[in-house]
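Subject: Structure handover

Hello,

Please find the structure below. My notes on what was found in it follow.

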Amino acid sequence: MKRAIIIGNCGAGKSTLARKIHDLTQLRLIHLDQEYWLPDWVEPDLEIWSKKLTELLSLEEWIIDGNYGSSMEQRMKRADTIIVMEVSTWKSMMRVIKRVISNRGKTRPDMAAGCDERFSLSFLHYVFIYNFTRKPLNEKRIAAYGKGKTIVRLKNNRDVERYLNELRPEFLPN
């Protein structure tokens, strides 16, 4: 693994897994939320964002967590590993609600500076419909761009721990 993306519903554990993989592999850790957003949840100019994303993807090694459907195909094409977090809608909803409550008014480490955690019904709606709308789109993308790549599907904490344990020997010094 040299270039991995982690995708899945909000609250599925993408950023947490990315940090754990980074700790094991020392691959550059890229949180798309951190790279994309400007302070106060301002979206960047699309041309500037596209250039920044192209620069990040041109690096030789990385692990990127985040969805951002408009750049999913570009990231899948460049990745050698696609990790799909397949957490249930209800688990994702509960994790997001817990995250909002525990971090409200604070900026999480995987977010851009000045993007404090906040409650949003539209965001909860996105989380609620993700597995019905976004997941099928991502499966089509994986079918189109995943050939010859390592595809990892993780459904729960046990799967995550098993996967991390499998990675350890590969990245231990000789």
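Helices (H or I, at least four residues) and strands (E, at least two) are taken here as DSSP runs, numbered from the N terminus. By that count the protein chain has seven helices and five strands. Starting at the N terminus, their order is β-α-β-α-α-β-α-β-α-α-β-α.

Two notes on the source. This is a predicted model, in which local features need pLDDT of at least 70 and side-chain atom pairs count only at pLDDT 80 or more, while totals for chains, interfaces and linings use all residues. Residues are numbered from 1 along each chain as its sequence is written, and side-chain values use heavy atoms, leaving out hydrogens and water.

Overall form

The radius of gyration (over C-alpha atoms) is 16 Å, close to the 16 Å from the globule rule (2.2 Å times the number of residues to the power 0.38) for 174 residues, so the protein chain is as compact as a globular protein of that length. Its C-alpha trace spans about 45 × 40 × 35 Å along the principal axes. Of the 174 residues, 43% are buried (under 20% relative accessible area with a 1.4 Å probe, protein chains only; exposed is over 50%, partly exposed in between). Contact means heavy atoms within 4.5 Å. Among contacts with a separation of 6 or more, 75% are between residues 24 or more positions apart.

Strand β1

Strand β1 is mostly covered, with six of its six residues buried. Arg3, Ile5 and Ile7 point one way, Ala4, Ile6 and Gly8 the other. In a regular strand the side chains alternate between the two faces of the sheet. Strands count as paired if DSSP finds at least two bridges between them. β1 runs parallel to β3, joined by four bridges, and Arg3 stands opposite Trp62 in β3. β1 also pairs with β4 in the parallel sense, over five bridges; here Gly8 stands opposite Met85.

Nonpolar cores

A nonpolar core is a set of buried Ala, Val, Leu, Ile, Met, Phe, Trp, Tyr and Cys residues joined through side-chain atoms within 4.5 Å. The largest has 22 residues, and those touching the most other members are Ile5, Ile7, Trp37, Trp62, Ile64, Met76 and Ile82. At least two residues each come from β1 (3-8), α2, α3, β3, α4 and β4 (81-85). Helix α3 gives the most, four residues. Beyond its neighbours within four places in sequence, Ile5 has contacts that include Trp62, Ile64, Met76 and Ile82. A second, separate core holds 18 residues, including Met1, Ile21, Leu154 and Tyr163.

Aromatic pairs

Rings of Phe, Tyr and Trp (its six-membered ring) pair if their centres lie within 6.5 Å; planes under 30 degrees apart are stacked, over 60 edge-to-face and the rest tilted. A search of the whole structure finds seven such pairs. The ring centres of Tyr36 and Trp49 are 5.0 Å apart with planes at 90°, so this pair is edge-to-face. It links distant parts of the chain, with Tyr36 in helix α2 (residues 32-36) and Trp49 in helix α3 (residues 46-57), 13 residues apart. Both Tyr36 and Trp49 are buried. Tyr36 also pairs with Tyr68, tilted, at 5.0 Å centre to centre and 50° between the planes. Tyr68 lies in the loop between β3 (62-65) and α4 (72-78), 32 residues from Tyr36. Tyr36 has a relative accessible area of 8%. Ring pairs join Tyr36, Trp37, Trp41, Trp49 and Tyr68 into a cluster.

Regards
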